[in-house]
Amino acid sequence: MPRVLTVAGSDSGGGAGIQADLKTMLALGTHGMSVITAVTAQNSLGVQGAWELPVEAVRAQYRSVVDDIGVSAVKTGMLASAELVEAVAELIGGTDAPAVVDPVGVSKHGDALLAATALDSVRTKLLPVATVATPNLDEVAQLTGVRVESEDGLRRAAAAVLAYGPAWVLIKGGHLPGEAVDLLTDGSEEHWLRAPRHDNRHTHGTGCTLASAIACGLAKGQSVPEAAAAAKEYVTGAIAEGFALGGGIGPVDHGWRFRR
Ligand SMILES: Nc1ncnc2c1ncn2[C@@H]1O[C@H](COP(=O)(O)OP(=O)(O)O)[C@@H](O)[C@H]1O
Ligand SMILES: Cc1ncc(COP(=O)(O)O)c(N)n1
């Protein structure tokens with residue numbers, strides 16, 4: 001059984017974070033496990049509150065999972081503070097499993113999920129231990145200063161992130177107008193992942209879902225390009241079927257393949 005571990009924050013509304021990750025892992029036929037870094041009070045309207053867990057609680061959860069059950073792949077999401085980023089980078093660096101790092105900075109509503117003081121730890125500690133980093137365009141700007149306004153800029157963004165040391169980077173162009181285009185590259189190979197843009201505002205959890213789906217593919221033994229292509233197909237279907245729950249941005253449908 002492929003075993004996939006998410007190290008991320010809890011989203012009480014069930015659309016993003018740990019909840020999105022575990023749903024993705026179930027939908028993609030893997031055993032999902034979680035290390036919770038922070039608890040958010042969150043719904044379709046935004047983040048109403050966030051509380052970090054102590055670093056010892058994060059380390060203990062990680063050790064419990066890795067030392068007994070073992071992991072085939074790890075995915076990281078909301079890490080909240082510099083202290084947690086550094087602890088998680090060290091844990092991942094000491095684990096012999098591929099790691100998908102989603103450098104979560106702000107929620108779809110603009111609520112900060114990472115302290116500004118943690119950016120340097122993401123650049124110098126976390127990105128170097130990533131098998132694949134999956135920043136969106138806001139996170140690229142925060143981490144590298146590179147601003148992308150069209151598809152042409154994705155290559156520049158990828159080079160700037162690769163300079164921090166991840167083996168691969170997948171730059172998510174989801175925030176650009178037009179087709180939903182992402183660029184996956186290791187600096188030599190380039191893979192353009194394209195999907196039609198779905199005119200659906202219920203996109204809460206897209207980034208978490210894509211990163212978890214890549215981790216599932218890696219856990220099953222797929223190469224990074226194979227895992228990313230399969231993940232793109234899964235998230236595109238989930239966005240197409242995203243539903244209106246709550247009064248704001250609803251969640252993507254993690255179970256879309258079961259309902260078809
Ligand atoms: N409206 C949409 N239609 C189709 N694909 C989308 C849409 N919005 C985002 N995507 C895709 O969803 C994935 C997550 O991207 P994005 O929404 O940019 O991430 P994040 O949640 O981190 O902001 C990417 O593959 C992106 O291309
Ligand atoms: C706990 C947690 N982790 C990650 C996200 C990002 O998801 P999105 O970009 O879809 O708001 C979130 N909103 N909450």
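## Packing of α3 on α4

Helix α3 (residues 82–93) packs against helix α4 (residues 119–126) at about 10 degrees, with the axes 9 Å apart. Axes are lines fitted to C-alpha atoms, for helices over the stretch in contact, and angles run from 0 to 180 degrees between N-to-C directions. The two helices are therefore roughly parallel.

From α3, the contact uses Ala82, Val85, Glu86, Val88 and Ala89; from α4, Ser121, Val122, Lys125 and Leu126. Contact means that C-beta atoms, placed from the backbone, lie within 7 Å. By class, six of these residues are nonpolar, one is polar and two are charged. Nonpolar covers Ala, Val, Leu, Ile, Met, Phe, Trp, Tyr, Cys and Pro; charged covers Asp, Glu, Lys and Arg; the others, Gly among them, are polar.

## Basis of the model

This is a predicted model: local features need pLDDT of at least 70, side-chain atom pairs count only at pLDDT 80 or more, and totals for chains, interfaces and linings use all residues. Residues are numbered from 1 along each chain as its sequence is written, while chains are lettered from A and ligands numbered from 1 in the order in which they are written. Helices (H or I, at least four residues) and strands (E, at least two) are DSSP runs, numbered from the N terminus.

## The sheet

Nine strands form an open sheet with mixed pairing, in the order β3-β2-β1-β4-β5-β6-β7-β8-β9. Strands pair if DSSP finds at least two bridges between them.

Strand β7 (residues 168–172) runs antiparallel to β8, joined by four bridges. Ile171 has Leu183 of β8 as its bridge partner. Strand β8 (residues 180–185) then pairs with β9, also antiparallel, over six bridges. There, Thr185 bridges to Glu190 of β9. β8 and β9 make a hairpin with four residues between them, and Gly187 in the turn has a positive phi of about 100 degrees. Five of the six residues of β8 are buried. Buried means 20 or more other C-beta atoms within 10 Å of the residue's own, exposed means 12 or fewer, and partly exposed lies in between; C-beta atoms are placed from the backbone.

## Helices on the sheet

Helix α1 (residues 17–27) lies across β1 (3–11), β2 (31–43) and β4 (73–76), at about 150 degrees to β1. Helix α2 (residues 55–69) also packs on the sheet, touching β1 and β2, and its direction makes about 160 degrees with that of β2.

## Helix α7

Of the 14 residues, 14 are buried, so α7 is largely enclosed by the rest of the structure. Just after α7, Gly221 has a positive phi of about 95 degrees.

Thr209 sits in α7. Thr209 is buried, with 28 other C-beta atoms within 10 Å. Leaving out residues up to four places away in sequence, Thr209 touches Ala20, Thr24, Val235, Ala238, Val252 and His254.

## Leu119 in α4

Leu119 belongs to α4. Leu119 is partly exposed, with 17 C-beta neighbours inside 10 Å. Beyond residues up to four places away in sequence, Leu119 touches Gln142 and Leu143.

Key: Parallel < 35°, antiparallel > 145°, perpendicular 65-115°, else oblique. Contact = placed C-beta atoms within 7 Å.
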